[in-house]
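Welcome! Take a moment to turn the model around on your screen before reading on. The briefing below walks through it topic by topic.

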Amino acid sequence: MRLSSPYDHEVTRGVGFGLAAYVMWGCFPLFFALFEGVPAFEVLIHRIIWSCLFLVGLVTLLKRWGPIRKALAEPRRLGRVLGCALLIAINWGLYIYAVETRQVFQASLGYFLTPLVNVALGMLILREAMAGLQRIAVVLAGIAIAIQLVLLGELPWISLTLALSFGTYGLLRKQVPLDGLSGLFVETLLLLPLGLMALAWLSASELSHFLSAPRTTLLLVASGVITALPLLAFAGAARRLRLATLGFLMYLNPTIQFFIALLVFREPLSLVQLATFLLIWASLALYSWSAWSSRPRSPLAPAGTPREGERS
């Protein structure tokens, strides 16, 4: 009988953190659907402001100011961080809009597409080699989008914009030497002046919903907290799990969103949309199999040792 080791315990904790992060992200539609009558633009403004303020306390509590000071001390290197900030603001704002207009199927499709967009961007921009199965996966995703264009007469622009913005964000983020928490704080800090100016304009124009009702005010403030919590859980998972394991857990997020759209919001799902999802799922299965089969194996791992939680 194999006794559990401290390392096994860490892997179990890592899976727990990963599940918590992706389940929270997957349930975001339920939260943002509560902002009835508040425009997506205003929700985005408050999400930026309150995320930044909440992260100030969190960074202070965790004593993580070192890398942040270092990043802010070199303004010439903040260009990529500003690019990340603008991309994540576009992604956040469009996602809130998709939920408010009950287009969560499109949002779900966008996050299913994101790993394939990452592969395509890596090949086109970073000149990374693409395995044969990954090429087929990207082609299948392209066919799925073409089906919607031809049969529905329109591009799934929300899905494509969410996938491209988040995929490009990931591409730039890889070039920024900041951990997830520090990076998000610097990004929201760079967006904070724009957020405060926008809030001042809304208040001066008497269009602001902040302080209009206790429930709305509480929800707007809470938007900052719920932005940071899954990130913390994800950071705990990333330190304990292999990238391949995190990749499989990642599909929980759009899967939960898909079922929320279907069962909670009861959005209509046409046969064309279903065919699109089936093709995307097939492409993700190929992509995942390719990533799993080509994963690095530690030569030091003893025979019979599970590789699920190899140190990353």
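## A close look at S182

In this predicted model, the side chains of S182 and D179 are joined by a polar contact of 2.8 Å. S182 sits in helix α9, which covers residues 180-204. From there, the briefing widens to the whole chain and then to a few other spots.

**More about S182**

- Is S182 buried or exposed? S182 counts as buried because its relative accessibility is 0%, and the cut-off for buried is under 20%.
- Leaving aside residues up to four places away in sequence, S182 touches R64, P67 and I68.

**The overall fold**

- The protein chain contains 13 helices and 0 strands, so you can look for helices as DSSP runs of at least four residues.
- Reading along the sequence gives the pattern α-α-α-α-α-α-α-α-α-α-α-α-α.
- Of the 312 residues in the protein chain, 46% are buried.
- Among contacts with a separation of 6 or more, 84% are between residues 24 or more positions apart.
- The protein chain has an accessible surface of about 15900 Å², and carbon and sulfur atoms hold 70% of that surface.

- Which residues of α8 are buried? They are I158, S159, L162, A163, S165, G167, Y169, L171 and R173.
- As a general point, an α-helix has 3.6 residues a turn, so residues three or four places apart point the same way.
- The cover over the buried residues of α8 includes α5 (79-100), α6 (104-124) and α9.

- As background, most residues other than glycine have a negative phi.
- K63 has a phi near 55 degrees, which is positive although the residue is not glycine.
- You can find K63 in the loop between α3 (40-62) and α4 (65-72).
- K63 counts as exposed because its relative accessibility is 73%, and the cut-off for exposed is over 50%.
- E206 also has a positive phi, near 60 degrees, and is a residue other than glycine.
- E206 is placed in the loop between α9 and α10 (214-238).
- With a relative accessible area of 72%, E206 is exposed.

**Cysteines**

- How many disulfides are counted? The count comes to 0 disulfides.
- C52 is buried, with a relative accessible area of 1%.
- C84 is buried too, at 0% relative accessibility.

**How confident is the prediction?**

- Across the protein chain the mean pLDDT is 84, and 90% of the residues reach 70 or more.
- Which elements have the lowest and the highest mean pLDDT? Helix α11 (residues 243-250) has the lowest, at 71, and helix α2 (residues 28-32) has the highest, at 96.
- Over residues 298-312, pLDDT stays under 50, and the model has 23 contacts beyond four places in sequence for this stretch.
- Where pLDDT is low, the predicted coordinates should not be read in detail.

Terms used. Residues are numbered from 1 along each chain as its sequence is written. This is a predicted model: local features need pLDDT of at least 70, side-chain atom pairs count only at pLDDT 80 or more; totals for chains, interfaces and linings use all residues. Side-chain values use heavy atoms; hydrogens and water are left out. A disulfide is a pair of cysteine sulfur atoms within 2.5 Å. Buried means under 20% relative accessible area, exposed over 50%, partly exposed in between (1.4 Å probe, protein chains only). pLDDT is the predictor's confidence in each residue, from 0 to 100. Helices (H or I, at least four residues) and strands (E, at least two) are DSSP runs, numbered from the N terminus. Contact means heavy atoms within 4.5 Å. A polar contact is a pair of N or O atoms within 3.5 Å; within protein, one must be able to donate a hydrogen and the other to accept it, and residues adjacent in sequence count only if both atoms are side-chain atoms. Accessible areas come from the Shrake-Rupley method with a 1.4 Å probe; for residues, only the protein chains shown count as cover.
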